[in-house]
Amino acid sequence: MRSLRPTMPRPLRILGSAIELPARRVDNEELVRELAEHGLVAPPAAIAEKAGVRTRYRADVTAGETAVEMGARAARRALAEAAMDPAELDLILWASGSPHQAIPDGACLLQRELGLGASGIPCMAVGVTCMSFLAALDVASAMMPAGRKRVLVVSSDISSIAVDWAHFGTAALLGDGACAFVVGEHPESHIHPVQLRTYGEFADAAEIRSGGSARHPFADHTTREDQLFHMNGKQLLRCVLQHAPAFIESSLRGFGVDPASIDVVVSHQASRAGLQFIETQFERQGFTRARHVTTLDRYGNCVAASLPMTLHHALTEGGPSADGQPRPLPRGSNVLLLGAGAGVSLGVGLLRY
């Protein structure tokens, strides 16, 4: 493990956020019927127990639901919450794990969908699969000193189109969704430089093999299986168990923060086992008051959109509450952001909200 140098926080404040979902909601009873059509038998209770998911949303691409359109809906709502006109943006970041199309990337397509196609506002994609949003926050905060003071970050994923119905785990786990954040510079809110680690020895643990030059869809050697999502959950978990505990601990030291000062933990909603691992780390590393906000049960794993969707819920529902009712998270709260994605890449971020 490489030693991490102490980090200096960068000004960054969340000004607005919003979630958008496809029209179709799939509960476990409906999923049972879908699985049966593909020869798999699993009662609803078993799906909830094994996958940790009760409902997920599925986009209908044949009806015109697209990642860009869904992301634009989320962006408009986030901009409205921030009381900002889209033309005031200095930068648009597309932070998704399932591409809308090969070329161009989704950033300029999102710009056009927002009616900004002639604006000249710079756009770029930040792609680290499930860690894309966290990496995009890092990019946004790093570019603010260069004059990019108002940044739109959008994660929008439609992964259900690549579900391999021969494997219960991914069919039950994956969902579609979008989330948008508007961030700006503010002296009382900040984010530490995000810590990232990649372990390419596990690169084949989560993959869609086609879509690039290695296995082009028209190539004779490309098969239907190459175009579906494949995940080796045990191998992914082994990588996380091997590297994440020391990485989280060293990241916190680099941030100069005591685990007991963390108010909320937001993680990528990878799987039930992954969330259980994080909660085990709470006990070992002294997160004595942190609340772990999860959304896996209601949305499933929405790839790159999972972490920002969960962060949105943390901000709107994660505040202290004596009566058990959701409360907005107070400004000044410390939010720890955790995740893992294909590659395999691990990420840790600390946000002072």
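Analyst: **The open sheet and its helices**

Ser156 has Ala178, in E8, as its bridge partner. The model is predicted, so local features need pLDDT of at least 70 and side-chain atom pairs count only at pLDDT 80 or more, whereas totals for chains, interfaces and linings use all residues. Residues are numbered from 1 along each chain as its sequence is written, and side-chain values use heavy atoms, leaving out hydrogens and water.

Strands (E, at least two residues) and helices (H or I, at least four) are DSSP runs numbered from the N terminus. Strand E7 (residues 150–157) and strand E8 (residues 177–184) run antiparallel and are joined by 8 bridges; two strands pair if DSSP finds at least two bridges between them. In general, strands of a sheet pair through backbone hydrogen bonds, either parallel or antiparallel.

E7 and E8 belong to an open sheet of 5 strands, ordered E2-E8-E7-E5-E6, with mixed pairing. Strand E2 (13–20) and strand E6 (123–125) are the edge strands, each pairing on one side only. From one strand to the next, the twist averages 15°; angles run from 0 to 180 degrees between N-to-C directions, and axes are lines fitted to C-alpha atoms, for helices over the stretch in contact.

Helix H4 (residues 106–113) packs on this sheet and touches strand E5 (91–94), E6 and E7, where contact means heavy atoms within 4.5 Å. The direction of H4 makes about 125° with that of E5. Helix H10 (residues 306–317) also packs on the sheet, touching E2, E7 and E8, and its direction makes about 65° with that of E8.
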